[in-house]
Amino acid sequence: MKCVAVAVALLAGFICSDAVKLRASVRQEPDTACGKGFDNLVKGSQDYYRTAAVELFTHPSHTMDNATFEAEFECWFASMCTTKCGGLASQADGRKAKLTEMCQSVEADWLKIWKLFSPDEVKWFKNNYPSDEVEGSEEGSEVHYKQAMETAKEVSKKELLCMTLFTIDDECVKWPYIRLTKEPPAASLRLAEVALGVDLTIAVGSRAQRSRWA
């Protein structure tokens, strides 16, 4: 009996030890869903995001979503910048005018933006946006990994899709402000100027002024 008791105690000890090691391993694994994190992006990339957050949230019902879901949008933007948008090529020449018009229109819905995605962009977005459904979730009450990211996507879907395509088309990203089809609005310029401490009015539209942002 003593031998059996000792064996059981040793077995329980090994199980507990393995469980502790597993939990420690899980805690130590870095969460890369947000890439290297918004705060670790270079200043130019952060400035780009801030101008995009002004220009893309124009619908009266969503003007405050950039504040409500700030962490979630920053997370996705940081992920895109870190991965260089999966190597997707800019399609600015072919769709920037239409994209700008639709994204700043209060009438165009998210589905019209979704239709501007190429097949490769659709696949990349579905595979990389961090809100996969948790396996085993019951139908009708699905649970998602990073539920807040899923909520942000569903509530501000048009704005999220617009930011995704603008980031891709601005080469993920090489400017300190979102590039619309027209001259950057005064609001965007002022934000970028304050952030950078320079006068951007002489640089607008000049490819020679481009900087490489991570």
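Trainee: What are cysteine 85 and cysteine 172 called, buried or exposed?

Mentor: Cysteine 85 is buried, and cysteine 172 is buried as well, where buried means under 20% relative accessible area, exposed over 50%, and partly exposed in between, with a 1.4 Å probe and protein chains only. Keep in mind that this is a predicted model, in which local features need pLDDT of at least 70 and side-chain atom pairs count only at pLDDT 80 or more, while totals for chains, interfaces and linings use all residues. Residues are numbered from 1 along each chain as its sequence is written, and side-chain values use heavy atoms, with hydrogens and water left out.

Trainee: What makes cysteine 85 and cysteine 172 a disulfide?

Mentor: Their sulfur atoms are 2.1 Å apart, and a disulfide is a pair of cysteine sulfur atoms within 2.5 Å, so the pair qualifies. With 85 degrees about the S-S bond, this link of cysteine 85 and cysteine 172 is right-handed. The pair links distant parts of the chain, since cysteine 85 is in the loop between α4 and α5 (92-103) and cysteine 172 is in the loop between α9 (157-169) and α10 (186-196), 87 residues apart; helices here are DSSP runs of H or I with at least four residues, numbered from the N terminus.

Trainee: Why is the disulfide of cysteine 34 and cysteine 75 called left-handed?

Mentor: The torsion about its S-S bond is about -90 degrees, so the disulfide of cysteine 34 and cysteine 75 is left-handed.

Trainee: How do you know which labels cysteine 34 and cysteine 75 receive for accessibility?

Mentor: Cysteine 34 has a relative accessible area of 21% and is therefore partly exposed, whereas cysteine 75, with a relative accessible area of 6%, is buried.

Trainee: What is the geometry of the link between cysteine 103 and cysteine 162, and what does the pair tie together?

Mentor: The sulfur atoms of cysteine 103 and cysteine 162 are 2.1 Å apart, and they form a disulfide that is left-handed, with -100 degrees about the S-S bond. Cysteine 103 lies in helix α5 and cysteine 162 in helix α9, so the pair ties together parts that are 59 residues apart in sequence.

Technical notes:
Helices (H or I, at least four residues) and strands (E, at least two) are DSSP runs, numbered from the N terminus.
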